[in-house]
Amino acid sequence: MHHARDTRRLDVAWSRVGRSSFSRQKRTILMRRALDATYAAALWLSILCLIAIAVLVGLQVGGRVIDLTLKSLGLPQTGFVILSLSEIAGYFLAAGSFLALAGTLKGGAHIRVTMLINNVPPRARTLMEACALLFGAVASSYGTWHLLQFALTSWRFNEVSSGLVPVPLIYPQSAMVLGAGLLAIAFIDEFITTVRTGRPTFTGTEDAISLGQES
Amino acid sequence: MDLLPISLGLILLLFAMIGLGVWIAVALATMGFVAIVVQLTLPPGAILATSIWQGAKSWDLTALPMFILMGDILFRTRLSQDMFEGLTPWLARLPGRLLHVNIVGCTVFAAVSGSSAATCATIGRISLTELKKRGYSDALSVGTLAGSGTIGLMIPPSIILIVYATATEISVARLFIAGVIPGLMLTGLFMAFVIIWAMLNKSKMPPPEPPMPFIKRVYALRRLLPVLVLIIGVIGSIYTGIAAPTEAAVVGVFLALAVAWQSGTLSLPMLKEALVAATKTSCMITFILAGAAFLTTAMGFTGIPRVLAEWIGSFGLSQMMLLVALTVFFIIMGCFLDGISMVVLTTSIILPLVEGAGFDLIWFGIYIVLVVEMAQITPPVGFNLYVLQSLTGRNIFTLGLYTAPFFLIMCLAAALLAIFPDIALWLPRTMLE
């Protein structure tokens, strides 16, 4: 859907304007498409993390149920155990939670109090939105930087988890850095949009969510 | 510098940021950052990274996305219709008739759902239209739905209780068990109110349902089978100790998929929708928890919570007076903040105060959930009201008026819980010791 619309916009741009401003517009649209695709890809990686938790824990519970059944029948048990499951599930959760940050922001699902913002004149609203977004961008960049330092330390010292299966901590931690970095980019992206158009792109969805249209 | 003015200044800063539309998680983390920079010579960045990492990889917290996913799948099945048709024939004889379907339906669904808004939306989707069609007063059908939807927070599984448990490092299973009786007490109080109201206002009730023979009523019970299987699978596995809450949540996800498959609502687009929605919701919550984890650590280093506790302790309030003061403060805060933010603020800033006053932390968890439930139905910010606004198209303050009696009933429930703490503490004590 996005593709069709963007192509149409490209055509319109081509027919109306000269070559130089066309290429700028084209760059903007390509940039937009690349960013949105990145947020979406990270969101799907996050979904995969959740699915991984469900599947691993599901296998473990299934194994236990089978063993209980075998035991009650007096048969030998399989003894099926996923080692360090609770640790590994925790790592998937950490990675998944962070990878979804940007997509969730773009979806307008991160919670904040919009009561004041919704009730000031449009110009003041734009200013407040821009300030909040810029603040978010600075804060998340700061967080990303320090998470990166933290992850680099784990990597340098080859830190692994303390359980039976030694998982290198750099795996979940690098996913967290990536997710936090994408959040910072999404904040900047929304800040620029707000400065240009007066409103962040998620305004509509955010209102819909606060109206409860998404469960 | 004296710590008390700094503490009060920090709290003011937090509320200023939240009021100006800064994302809650960012505001919480910023407060932690400022507290460290103003007060200590420690590196805030390193503390930030460590505490976020420690908080985000929690096994207990893994239950959260799983329960949310389960709710998101069930919302997209025919479960609410089934429950309406299974419950109606049995409740139609009570004074207040189908209004009880809202209350009992929400209570039953609360046992498979961890959120108040999801409970409200799932039950309300069918029951509001059906009640309107039969001529029930809007005020009561909306009020009962909003009020009893909040039971979703109290009766396990409960997202808020998972959040409270991870923040205070109390066992999730224990808190879950503690929530059962207070939840059922709310159901009882709501039903009693509807019965009394219906007996006093016979003229305002629509005509009764046509009577249904006993055999048919029993046959209608089969519609409740899916939800029953879910309850037994999820809650049963926690109570019998077979599964940890996270494992029970995953069992719930697979059972919800089975229910969806059996009712023919399972499809790839539906699954995709549920996955995306659940991922965003749980990301939103874990983001807040990450901010709160940093704030809690920062607060611990600065000693601000202890100073606040001593300051409030210096007023010499009795335990009851302190509780009343806290409740009033929470109710006011609840008019503007959502439940999860309220709980993490409590656990990161005023927990030493609560412990110092001698409250049992499990009891306090249940108490705060009850107060958060009230916050769900107070305008202008209340998630159940948002849900109902989209279902009915009414103004949020009108809805607040409809829910007012139920708000008062919850105040009564809070008083009961404060006077008889065993309402929450008896079951975990007898079951686990």
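The expected span of a helix is 1.5 Å times one less than its number of residues. Helix 6 of chain A, in this predicted model, has 35 residues. From its first C-alpha to its last it reaches 50 Å, close to the expected 51 Å. Just after this helix, A:Asn158 adopts a positive phi of about 50°.

Helix 6 (122–156) is also one of the elements that chain A turns towards its partner, as set out below.

The interface joins 58 residues of chain A to 57 residues of chain B by contact. The size of an interface is often given as the accessible area lost when the parts come together. For chain A and chain B, about 4900 Å² is buried between them. Carbon and sulfur atoms account for 80% of that area.

Polar links across the interface were also counted. The rule finds 5 residue pairs in polar contact, both residues at pLDDT 80 or more. The salt-bridge count between the two chains is 1. A:Arg64 and B:Glu247 form a salt bridge through their side chains, at 2.8 Å from N to O. On the side of chain A that touches chain B, the elements giving two or more residues are helix 2 (19–72), helix 3 (85–99), helix 4 (101–106), helix 5 (115–118), helix 6 (122–156), helix 7 (170–197) and helix 8 (203–210). Helix 2 gives the most, with 12 residues. By class, this side of chain A has 38 nonpolar, 17 polar and 3 charged residues.

At the start of helix 21, a side-chain oxygen of B:Asn395 comes to within 2.5 Å of the backbone nitrogen of B:Phe397.

The peptide bond from B:Pro156 to B:Pro157 is cis, with omega near -5°. B:Pro157 sits in the loop between helix 9 (151–154) and helix 10 (159–168). B:Arg97 has a positive phi, near 35°, and is a residue other than glycine. B:Arg97 is placed in the loop between helix 5 (79–91) and helix 6 (99–110) of chain B.

Definitions and conventions:
Residues numbered from 1 in each chain as written. Chains lettered and ligands numbered in written order. Predicted model: local features only at pLDDT ≥ 70, side-chain atom pairs only at ≥ 80, totals over all residues. Heavy atoms only, no water. Contact = heavy atoms within 4.5 Å. Buried area = accessible area lost by both parts, 1.4 Å probe. Salt bridge = Lys/Arg side-chain N within 4 Å of Asp/Glu carboxyl O. Polar contact = N/O pair within 3.5 Å; in protein donor to acceptor, adjacent residues only side chain to side chain. Helix = DSSP H or I, 4+ residues; strand = E, 2+ residues; numbered from the N terminus. Nonpolar A, V, L, I, M, F, W, Y, C, P; charged D, E, K, R; others polar.
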